[in-house]
Amino acid sequence: MTGTELAALIRYKTRTNSTTFTDADILPLVNAFKDEFASKIVERNNGMFLIPATFNLVADQREYGLGDDTLNRIHKLEIKFASGDSRFPSQNIKDYHGSETESEIVKSYANSEGEFAHTIRRRALFILSGTIIAVTGGGRLWAHIFPADLANLTGSSDLGIDPSTTSFGIPRQFHELLARRVAMEYKMSQPKPVPLNVSEQKFDIDMKIQLDAISHIDNSAEIIGNELPDQDTGNDGWNY
């Protein structure tokens, strides 16, 4: 569905037109509910909206802010503390209670694989390691980000197509639900609220159906347990 088609569907559901329900009024609602959908989607599918982004290490700086487009979870942080090194995963510490004096931190942590960590607070990463020097692209953060905001409701591009290699579109199976959610908001915001139709009343049910449908991204990733050989279970014909 394109932005134009989405707007047309919203107006069909609300029995409005481009004068009574303008693009300027629809667009903020679409973007707001798009973000609401994204938060629910990543709870069911931890591969959705996941992307790596590198950042530079700054000498003697331990705190690095998270982007405003970061969703409600971090997947992995990788760091290299010298330009010629490889990046290695950082251990995530849920709540760091140790000293934040630089000399004390470097006593407890180092820059070798498995010897550094990080914690998250104030929408920022706090790195616990040895002394930090400036390293271009020293950090790589795998995080879930919100799908890109729609700039307008025109054009012929499908909303499900990723706008760029560093941003995401809106999954196709949620386009009609997005239109329905905007229509519900429109009806409830009228001076005299408009009763919801049957389809709108079952919005939560239909949303759950789509969320359940994306919960498994690869059915081939099953773990199949084989039975142990008879000789390993004592069932090889001998009396024990």
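**Helices, burial and salt bridges in a predicted model**

Reader: How do you know that the span of α2 agrees with its 22 residues?
Author: This is a predicted model. At 1.5 Å a residue, the 22 residues should span 32 Å. The end C-alpha atoms of α2 are 31 Å apart, so the two values agree.

Reader: Which residues of α2 are buried, and what do they pack against?
Author: Among them are Ile26, Leu27, Val30, Phe33, Phe37 and Ile41. The buried residues pack against α1, β3, β8, α4 and α6.

Reader: What makes Lys40 and Glu36 a salt bridge?
Author: The cut-off is 4 Å between a side-chain nitrogen of Lys or Arg and a carboxyl oxygen of Asp or Glu. Lys40 and Glu36 meet at 4.0 Å, N to O. Both lie in α2, four residues apart, about one turn of the helix.

Reader: Why is Lys40 called partly exposed?
Author: Buried means under 20% relative accessible area, and exposed means over 50%. Lys40 has 34%, so it is partly exposed. Glu36, at 30%, is partly exposed too.

Reader: Which other residue forms a salt bridge with Glu36?
Author: Arg181 does, with the closest N and O atoms 3.9 Å apart. This pair links distant parts of the chain: Arg181 is in α4, Glu36 is in α2, and 145 residues separate them.

Reader: Why is Arg181 called buried?
Author: Its relative accessible area is 17%. The limit is under 20%, so Arg181 counts as buried.

Reader: What makes Arg180 and Glu176 a salt bridge?
Author: Their closest N and O atoms are 2.8 Å apart, and the limit is 4 Å. Both residues lie in α4, four residues apart. Arg180 is buried at 5% relative accessibility, whereas Glu176 is partly exposed at 28%. The two belong to a network of salt bridges that also links Lys13, Lys202 and Asp206.

Reader: How do you know that the buried residues of α1 line one face of the helix?
Author: The buried residues of α1 include Gly3, Leu6, Ala7 and Ile10. Seen down the axis, the buried residues fall within an arc of 160°, so they line one face. What covers them includes α2, α4 and α5.

Reader: How do you know that Lys80 has no salt bridge?
Author: The nearest side chain of opposite charge, Asp85, is 8.4 Å away. A salt bridge needs 4 Å or less. The side chain of Lys80 does reach the backbone oxygen of Ser83, at 3.5 Å.

Definitions and conventions: Residues are numbered from 1 along each chain as its sequence is written. This is a predicted model: local features need pLDDT of at least 70, side-chain atom pairs count only at pLDDT 80 or more; totals for chains, interfaces and linings use all residues. Side-chain values use heavy atoms; hydrogens and water are left out. Buried means under 20% relative accessible area, exposed over 50%, partly exposed in between (1.4 Å probe, protein chains only). Helices (H or I, at least four residues) and strands (E, at least two) are DSSP runs, numbered from the N terminus. The arc is that of the directions from the helix axis to the C-beta atoms. Contact means heavy atoms within 4.5 Å. Lys and Arg count as positive and Asp and Glu as negative; His and the chain ends are not counted. A polar contact is a pair of N or O atoms within 3.5 Å; within protein, one must be able to donate a hydrogen and the other to accept it, and residues adjacent in sequence count only if both atoms are side-chain atoms. The expected span of a helix is 1.5 Å times one less than its number of residues.
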